Amino acid sequence: MTTVTYKIPNISCGHCVHTIQSEVSELAGVTSVVADMLNKQATISFDAPASEDKIKSLLAEINYPVAGVAA
Ligand SMILES: [Cu+2]
């Protein structure tokens, strides 16, 4: 399993957190999504068939483009 924390500047409120968690959880292979409103990040755990590219594409589609990976 891979776990990555993405920087997502568009996260601004609890609604964003809910949207990201529910939408990304729908992606096959994603096992955990924890979005963080204060730090504007989301920590996502996944296995195949999910991939970083698929997750980033989905986030861009729902208007939460990824700005980078958190250290
Ligand atoms: Cu919001």
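Cys13 is partly exposed, with a relative accessible area of 32%, while Cys16 is buried at 5%. Here buried means under 20% relative accessible area, exposed means over 50%, and partly exposed lies in between, using a 1.4 Å probe and protein chains only. The model is predicted, so local features need pLDDT of at least 70 and side-chain atom pairs count only at pLDDT 80 or more, whereas totals for chains, interfaces and linings use all residues. Residues are numbered from 1 along each chain as its sequence is written, and side-chain values use heavy atoms, without hydrogens or water.

The SG atoms of Cys13 and Cys16 coordinate the copper ion at 2.0 to 2.1 Å. Donors are N, O and S atoms within 2.8 Å of the metal (3.2 Å for Na, K and Ca), and sites may look incomplete because water is not among the atoms. The whole structure has 0 disulfides, a disulfide being a pair of cysteine sulfur atoms within 2.5 Å.

Strands (E, at least two residues) and helices (H or I, at least four) are DSSP runs numbered from the N terminus, and two strands pair if DSSP finds at least two bridges between them. Between strand 1 (residues 2-7) and strand 3 (residues 41-46) there are 6 bridges. Tyr6 stands opposite Ala42 of strand 3.

Contact means heavy atoms within 4.5 Å.

Helix 2 (residues 52-61) has Ile55, Leu58 and Leu59 buried. Its buried residues fall within an arc of 100° seen down the axis, so they line one face of the helix. The arc is taken from the directions from the helix axis to the C-beta atoms. These buried residues pack against strand 1, helix 1, strand 2 and strand 3. Exposed Asp53 and Glu61 are on the face of helix 2 turned away from its buried side. After helix 2 comes Asn63, with a positive phi near 75°.
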